[in-house]
Amino acid sequence: MRTALFAAVLLAQIASNSLSAAEVPPGTKLHPIQEIVRGNGTEPATLDPNKAEGRPESNMAVELFEGLVTLNPDGQVIPGVAEKWESREDGRVWVFTLRRNAKWSDGSPVTAHDFEYSFKRMVDPKTASQYAWYLGKASNVKNGRAIVEGKVPPSELGIKALGEHTLEVTLEKPVSYLIATLAHGSLMPVPRKAIEKYGDKWTEPGKLVSNGPYKLAERVVNERIVLVRNPHYWANAKTVIDKVTFLPINNQSAEYQRYRANGIDMTADGGVPPEQLKQIRREIPNELATWPQLGTYCYVFNFRKKPFDDVRVRKALSLAIQREVIAEKLVGTGETAAYSFTPDSAQGYSPIVHDWQRWTQAQREAEARRLLAEAGYNKNRPLRFELLYNTNEGHKKIALAVAWMWRRIGPVEVVLVNQEWKTFLDSRNRGQFEVSRYAWIADYNEPSTMLDLFHSKHGNNDGKYNNPKYDAIMDRAKSTLDAGERTKLYQDAERILAQDFPTANIYHYSNRRLIKPWVKGYGRNPEGRVLTRDLYILAH
Amino acid sequence: MLKFIFRRVFLEALPTLLVLITVTFFLIRLAPGGPFSSEANVPPEVMAAIAAKYRLDQPVWQQYLGYLADLARGDFGPSFKYKDFSVNDLVYAAAPVSFRLGIMAFIVAMLIGISAGITAALKQNTWVDYAVMGVSMVGVVLPNFVLAPVLALVFAIWLKWLPAGGWEGGALAYVVLPVAVLCKHYISVIARITRGSMIEVLSSPFIRTARAKGLPMGYILRRHAMKPALLPVISYLGPAFVGIITGSVVVETFFGIPGIGQLFVNGALNRDYPMVLGLTILVGALTIFFNAVVDILYGFIDPRIRIH
């Protein structure tokens with residue numbers, strides 16, 4: 001009974017959401033040439049979705065391919081190749097029904113076997129995907145972890161085609177937010193025939209077969225990737241843009257100049273150079289688009305280094321930070337002050353207000369002073385430590401501001417240490433820091449992608465925070481199917497973090513881009529994904 | 001000549017390259033942070049699978065020997081960052097772009113630099129000389145990362161004459177600004193060298209003799225002064241040529257040009273070991289080659305140092 005009800009709720013949800021296509025309001029005058037040029041941050045490491053690593057790769061994967069589910073412009077999960085799905089055995093088994101009109105760009109049908117092949121390929125150690133862990137750890141697909149650890153062959157993954165159009169996914173234990181995890185860029189179907197024929201070269205133009213709204217037309221490494229419409233895409237009739245060119249420009253000023261010279265219609269996510277912000281506000285304020293992002297900027301305390309094992313020190317340092325000043329004045333592109341780690345915009349989360357959050361800044365600083373003194377720091381014995389960040393003007397500005405805020409609460413002497421990116425990652429992973437800049441962007445739209453980081457067993461728990469009570473809550477949340485109950489568990493988790501202060505949260509990221517006024521159809525997807533499929537160009 | 005080539009290749013070039021490869025191979029592995037480290041820590045078992053795929057699980061000396069063996073077959077290995085390509089693929093696609101850009105900038109730099117240098121030398125200590133030297137001083141000290149955005153601002157955004165970036169297979173409109181930025185430094189240096197050496201030559205006895213004979217100045221310049229005056233310039237041109245085609249990192253990054261400069265800088269930042277090694281070998285080989293070319297050219301211009 002419970003299963004049936006659960007499935008019914010899901011189907012109702014699906015029906016209320018929009019289809020994956022551009023929705024052009026009636027009466028809109030479209031430009032005769034529907035072509036767009038977009039920034040993509042940097043050259044994608046690969047166009048193979050199973051090997052996708054970060055944003056640039058994932059951006060390409062979701063333009064070229066379509067997974068079981070996809071996201072609408074506002075970031076809600078909507079059916080992709082799967083037309084509907086239902087859960088059985090209390091969420092332990094999920095059955096997806098694939099749409100019969102889904103086709104590859106060579107005209108052949110997209111089947112459940114394609115998904116089975118892709119998911120098994122992704123976890124196969126031979127593929128060497130950096131996201132191989134994802135199906136096991138985030139989605140909890142049966143044997144996902146064991147395959148990655150090499151204990152079980154990839155054929156044992158809990159995914160099985162029950163026919164051409166029916167796919168069964170078996171989980172280790174029920175996971176309530178499975179569907180949200182399936183929108184990930186690495187979980188696209190991949191063309192088995194092309195991969196077996198061409199090996200690693202299957203992603204070249206002319207060889208790459210895709211099932212999404214676009215197909216690959218041209219690729220010049222470090223210059224551009226050109227995609228054109230895939231006429232076989234099942235919703236092709238509703239796609240408006242004919243051609244999209246992605247430019248891998250990692251220098252934001254260069255991207256900005258090309259945007260201003262009308263060489264780019266939409267910059268990459270985050271493509272708003274801070275040093276030009278004043279000019280942008282003055283000259284093209286309407287072209288700056290910002291909306292909340294599922295990500296948090298913070299400083300992480302290393303529990304292995306004294307005195308950061310002392311909660312009084314961590315709390316004092318966290319209380320001293322004037323979050324609004326940093327988010328609104330120093331950064332100022334739609335970022336919001338972070339008191340909790342989970343951004344307010346995460347689906348399935350309901351923000352809470354911590355006690356100290358209600359205090360005035362003066363009260364917070366008074367408490368911070370008291371805590372520092374209690375921890376034994378005074379003029380004769382100042383609190384001395386290094387604050388590590390990766391080399392970047394923006395991070396430096398924030399570090400300087402925070403160091404100044406820390407000095408206001410007493411004898412705190414901070415040495416700022418900056419390191420080049422890979423060196424920085426190495427220091428952080430090896431625990432060679434006292435306090436370090438830390439940032440996390442959600443892999444999927446659900447609080448667990450943020451809060452799992454503080455689980456004692458999580459690979460990115462760089463500060464080595466360990467609280468068994470916290471672990472227990474997160475373990476329970478994972479398999480709690482009732483949405484309301486789960487939200488409460490996440491709130492409990494945040495309450496523990498607000499007592500233990502494993503991090504000093506600073507701000508929640510925003511999605512920010514420069515978008516020409518003639519580009520329409522984008523929404524406020526908190527994951528930052530803006531699919532060309534949803535866009536259209538106004539006459540101008 | 002054959003003996004010269006033999007000596008150059010087997011006794012000088014190959015040992016130099018081997019030292020270069022060895023030093024680079026081990027040095028880049030000392031840089032902190034590996035090619036596959038990322039903000040989202042990859043679990044150890046996943047890292048092990050990646051390491052196995054790229055032979056990083058072997059002892060370093062074994063990796064080194066394996067690399068040399070591949071190299072002997074002309075295989076520079078897979079790119080650790082760009083998983084769809086081998087280093088050969090990427091360099092093969094990028095090198096012609098940098099060469100094309102570099103050669104254009106080089107020709108412009110030579111034409112303008114040498115003419116300006118000679119003009120300054122002939123009008124020594126006049127306002128012409130001061131103007132040329134002043135401008136060339138600005139050219140030397142003005143960094144490319146300042147000049148590139150300024151030119152883009154003026155010609156692409158304000159005047160809208162030229163695009164602010166892109167390559168489009170090297171279409172004329174797209175190369176003007178990059179060439180202008182790239183040749184600026186070399187124009188200045190070549191002008192200074194030419195001026196200095198021309199002044200020296202013009203004051204030497206054989207020129208005075210020619211003038212005393214009543215020969216016209218234009219003839220003296222072409223027939224007698226040019227060759228010796230250009231010798232120092234030519235010795236500078238060898239390394240400058242390599243520098244101009246491989247060192248356009250700022251220009252390529254700013255204008256979005258898909259050349260080897262971008263590959264180099266991304267390779268270093270991403271710890272893409274085979275990419276950095278491959279490009280180091282390329283730059284090393286080019287440097288050795290063009291130095292040899294300069295030596296041969298020297299012989300043609302100045303019989304006194306002709307190779308025996």
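# Exercises on a predicted two-chain model

Buried residues make up 52% of the 540 residues in chain A.

## Exercise 1: the overall form of chain A

Task: State which secondary structure chain A has, and decide whether its radius of gyration agrees with that of a compact globule.

Solution. 
1. Begin with the elements: chain A holds 18 helices and 18 strands.
2. Next take the extent. Along the principal axes, the C-alpha atoms of chain A fill a box of roughly 75 × 55 × 40 Å.
3. Then compare with the rule for globules. A compact globule of 540 residues would have a radius of gyration near 24 Å, and chain A has 24 Å, so the two agree.
4. Last, look at the contacts in chain A with a separation of 6 or more: 71% of them join residues 24 or more positions apart.

## Exercise 2: a strand inside chain A

Task: Find how many residues of strand β16 of chain A are buried, and name strands that pair with β16(A).

Solution. 
1. Locate the strand: β16 of chain A covers residues 503–514.
2. Count burial, for which a residue needs 20 or more other C-beta atoms within 10 Å of its own. In β16(A), 12 of the 12 residues are buried, so the strand is largely enclosed by the rest of the structure.
3. Take one partner. Strand β11 (residues 288–301) of chain A pairs with β16(A) in the antiparallel sense over 10 bridges. Within β16(A), S510(A) is the residue opposite P292(A).
4. Take another partner. Strand β12 (residues 336–337) of chain A is also antiparallel to β16(A), with 2 bridges. Here A337(A) has Y507(A) of β16(A) as its bridge partner.

## Exercise 3: the make-up of chain B

Task: Describe the elements of chain B, its burial and its division into domains.

Solution. 
1. Count the elements: chain B has 12 helices and 0 strands. Its pattern along the sequence is therefore a run of α elements, α-α-α-α-α-α-α-α-α-α-α-α.
2. The C-alpha atoms of chain B fill a box of roughly 85 × 60 × 30 Å along the principal axes, and 37% of the 308 residues count as buried.
3. Look at the contacts in chain B with a separation of 6 or more: residues 24 or more positions apart account for 72% of them.
4. Divide the chain: domain 1 of chain B spans 40–79 and domain 2 spans 94–307. Their C-alpha centres lie 39 Å apart.
5. Examine where the domains meet. In chain B, 4 residues of domain 1 are in contact with 4 residues of domain 2. On the domain 1 side, these residues divide into 2 nonpolar, 2 polar and no charged.
6. Check the confidence: the average pLDDT of chain B is 90, and 98% of the residues score at least 70.

Note on methods
Residues are numbered from 1 along each chain as its sequence is written. Chains are lettered from A and ligands numbered from 1 in the order in which they are written. This is a predicted model: local features need pLDDT of at least 70, side-chain atom pairs count only at pLDDT 80 or more; totals for chains, interfaces and linings use all residues. Domain bounds come from an automatic or database domain assignment. Two residues are in contact if their C-beta atoms, placed from the backbone, lie within 7 Å. Ala, Val, Leu, Ile, Met, Phe, Trp, Tyr, Cys and Pro count as nonpolar, Asp, Glu, Lys and Arg as charged, and the others, Gly among them, as polar. Helices (H or I, at least four residues) and strands (E, at least two) are DSSP runs, numbered from the N terminus. The radius of gyration is taken over C-alpha atoms; the globule rule is 2.2 Å times the number of residues to the power 0.38. Two strands pair if DSSP finds at least two bridges between them. pLDDT is the predictor's confidence in each residue, from 0 to 100.
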